[in-house]
Each structure stands twice: as C-alpha cells, then as structure tokens.
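Colleague: I would like to go through this structure term by term. Please show it, and then I will ask what each word rests on.

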Amino acid sequence: MALALAAGCDQGQQKDQKPYRSLVTLVESNVDVNRPLAANGVIRLRFDRYLLPSTVIRQSFQLLNKTTNQAASSPIVTYDPVALTVTLSNPAIPVDSQKPWLAKGAYKVVLPSPAENEAGLGLRAIDGAPLTTTRTVDFLVDDRILPESAVFEPTMLFCADVMPVLQAKCGTGSPCHGPPTLGDVPAASLVLTTSDGYRQTVPGRVAQGANTGTRVISAEPGEVFGVDMPLVDPRNPGNSWLLYKVLLAPLPGPPAATDAKNYPLSCATRSGPSRDAEPSRVPATPADDYERSVLSDLVLGREMPYPPVSAGGYESSPLSFEERERLRLWITQGAQLEDCAQQCFPPK
C-alpha cells in the first residue's frame with residue numbers, strides 16, 4: 001500500500017529537454033518615467049518565463065544613478081516563481097520598514113543579456129533560454145510620496161496561513177502527505193499537514209526527485225535547474241522544490257460551490273498584517289501550458305495535489321494563485337514553524 005501510494009503521488013522519469021520556444025522577456029515593471037517610486041519602495045519586474053535561480057543574482061540587475069551612471073545600491077534580489085517577478089529591495093533593513101533606501105532623483109535598472117556581455121551574466125530561463133536583449137528601465141524616485149503609500153507584503157504564519165491549505169489539499173482530500181495510518185507510509189516520507197510532521201520530515205532534506213545519488217545535503221542553485229534542490233529553502237522560494245511541485249498544476253477555474261470560503265482557512269489566532277492584504281507587486285500572468293511542460297521535464301513526479309481536478313470541490317482542486325502566494329511568502333520570510341494546537345480539518 002505504501003509503495004502504491006508513493007507511486008501514485010510522486011513518480012516520474014527524466015525527459016529529454018525540449019529546445020526552448022522563446023527567449024526571456026521583461027513583460028512589465030511597477031516603475032517607469034511616469035510612475036515614480038517611493039524612497040522606501042520596492043522595484044518589481046515581471047517576466048514571461050520561469051527563471052533559472054542561479055542567474056537571479058545582483059549582477060543580473062544593475063541599479064544605477066542616471067546622473068552619475070554609478071551604482072546606486074546593491075539591493076536584495078528576490079525571485080517569486082509564482083508571480084514570475086523579481087524584486088529589488090532595501091539591502092540594509094527589513095523590506096517592511098518605512099525608512100527610505102533611495103534618495104530623490106533619476107535611476108535606471110539595467111538587465112544585461114547573457115549573449116551581449118563577455119562574462120555571460122544575465123537572466124536565463126530554466127531551460128537555458130537567455131534574456132532577449134539588454135533592457136533598461138528608467139524611473140524616478142520621489143521622496144514626496146508618503147511612506148504609507150508603499151504597500152508591503154503581509155506576514156505569513158504556518159499555523160494560520162499555510163497548514164490549513166496543506167491539510168485540505170495534501171492530507172484530507174488526497175492523503176499523500178498526511179500522518180502515517182495503519183502502517184502506511186506517506187509519499188516520499190513527507191508529512192506536510194502538521195507542524196510536528198513538517199518539522200520531522202522536511203527541513204534540510206534534498207527533494208527525492210532532485211537527488212543526484214549520494215548527496216544528502218542540498219546545494220545552492222546551479223547551472224542545471226533542480227539538481228540537489230532542497231524541499232524548502234528558507235528565504236529562497238526560487239530554490240524550493242515543494243513550491244515547484246505546486247506550480248506543476250494549472251491554476252483552478254472559477255471557485256466551485258465548495259471553495260475555500262467554506263473552509264476555516266485560519267485555525268490560529270494571529271497578529272500583524274492581514275493575510276488578505278494585497279502585496280505590492282505587478283499583476284501576475286499564470287505560466288502557460290508550455291512553461292509547465294518545461295517545468296515538468298525538470299521537476300520529476302506528479303503535480304501537487306494529485307490528481308488535480310480543476311472543476312471539482314475545494315479539496316481536490318489545485319492551489320489558487322492566492323494560496324500559492326501564501327506558500328511563497330512563508331518561504332520567503334524564513335519558513336518559520338509554530339506549534340499548531342489543533343488540526344484545521346478533522347480526519348474523514
């Protein structure tokens with residue numbers, strides 16, 4: 001039974017990688033010459049491809065003062081594979097601070113194309129496709145924009161925001177990663193539906209489908225996507241296998257009668273910003289079928305949850321965009337665990 005369960009939930013074979021269909025394109029940004037940035041704001045750039053995490057580095061994003069053409073700062077660079085965005089934020093203080101990090105003036109972000117510079121630095125997609133051409137985004141920083149106008153991403157808590165989704169999608173409706181019962185072993189020995197189960201089975205582990213053999217310690221992102229990738233890499237969602245397993249499934253259609261509104265998606269008392277606060281980011285366009293097919297060639301096994309039923313009830317449907325962003329935000333913020341006092345969804 002354990003073997004059958006594991007095979008049904010997470011089995012796959014490496015496929016020959018397809019020639020890339022298209023180069024990486026910068027789709028839009030939240031700043032330009034007509035949209036100034038608050039001095040404490042966050043620069044967000046949206047792309048049309050899943051990016052190779054090892055290329056999402058500071059050298060791929062040059063933030064320059066237009067007057068002097070000198071580096072204005074060395075921002076923190078964060079990749080969101082859910083919304084296909086890269087953020088450049090304050091390098092010295094937490095991103096939720098109201099303190100400025102840029103002075104008033106004219107700036108530009110330069111994105112060098114790997115094909116157009118001797119060092120070969122620049123963004124690439126997970127299949128190796130480079131940025132189309134060197135791109136420059138010009139914008140102004142206006143210190144007259146009130147600090148409160150800069151909206152920051154809400155804090156995610158495991159018990160209140162993440163565990164309820166994992167229990168509903170990975171435990172109750174499809175029991176692949178629930179606690180062992182009657183001698184059955186969870187798929188890949190991963191328990192995702194309780195804080196204790198997560199603590200005992202996830203941190204520090206290389207994903208089963210990413211493990212190259214003898215390695216037991218996860219690796220930093222490399223030139224080949226998905227090699228020795230950790231299940232969850234705290235503060236690095238772009239290097240977290242669990243998130244990509246969720247992204248393999250297409251976004252669900254319109255909510256069914258038994259959608260998330262009928263479930264208690266918070267099972268703990270929380271403080272701080274509401275999880276429903278709108279993150280300050282550019283609008284997201286979901287990855288298309290081609291992008292998911294490229295991802296499925298590199299991220300072995302089935303999507304989560306499996307099998308996804310987009311027209312079914314809440315428990316059997318893929319994670320919504322908002323739920324994926326919850327998981328992404330929680331990983332970005334360090335994947336902290338609390339001791340959850342209760343199950344959000346009682347066993348059926």
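Modeller: Start with pLDDT, which is the predictor's confidence in each residue, from 0 to 100. Helices (H or I, at least four residues) and strands (E, at least two) are DSSP runs, numbered from the N terminus. This is a predicted model, in which local features need pLDDT of at least 70 and side-chain atom pairs count only at pLDDT 80 or more, while totals for chains, interfaces and linings use all residues. Residues are numbered from 1 along each chain as its sequence is written, and side-chain values use heavy atoms, with hydrogens and water left out.

Colleague: Which elements have the lowest and the highest mean pLDDT?

Modeller: Helix 1 (residues 2-9) has the lowest, 38, and strand 7 has the highest, 96. The protein chain averages 78, and 72% of its residues score at least 70. Over residues 11-17 the pLDDT is below 50. It is also under 50 over residues 256-280.

Colleague: How many helices and strands does the protein chain have?

Modeller: The chain has 6 helices and 8 strands. In sequence order the pattern is α-β-β-β-β-β-β-β-β-α-α-α-α-α.

Colleague: Why are strand 7 and strand 8 said to pair?

Modeller: Two strands pair if DSSP finds at least two bridges between them. Strand 7 (residues 105-111) and strand 8 (residues 135-142) share 7 bridges, in the antiparallel sense, so they pair by that definition. Leu-111 stands opposite Arg-135 in strand 8.

Colleague: What makes strand 2 and strand 4 edge strands?

Modeller: The open sheet of 4 strands has the order 2-8-7-4, with mixed pairing. Strand 2 (37-38) and strand 4 (62-65) each pair on one side only.

Colleague: Why is helix 5 called mostly covered?

Modeller: Buried means under 20% relative accessible area, exposed over 50%, and partly exposed in between (1.4 Å probe, protein chains only). In helix 5 (residues 289-298), 8 of the 10 residues are buried, so the helix counts as mostly covered. Among them are Tyr-290, Val-294 and Leu-298. For the whole chain of 348 residues, 50% count as buried.

Colleague: What covers the buried residues of helix 5?

Modeller: The cover includes helix 4 (241-247). Cover is judged by contact, meaning heavy atoms within 4.5 Å.

Colleague: Which residue caps the N-terminal end of helix 5?

Modeller: Asp-288 does, with a side-chain oxygen 3.2 Å from the backbone nitrogen of Tyr-290. A polar contact is a pair of N or O atoms within 3.5 Å; within protein, one must be able to donate a hydrogen and the other to accept it, and residues adjacent in sequence count only if both atoms are side-chain atoms.
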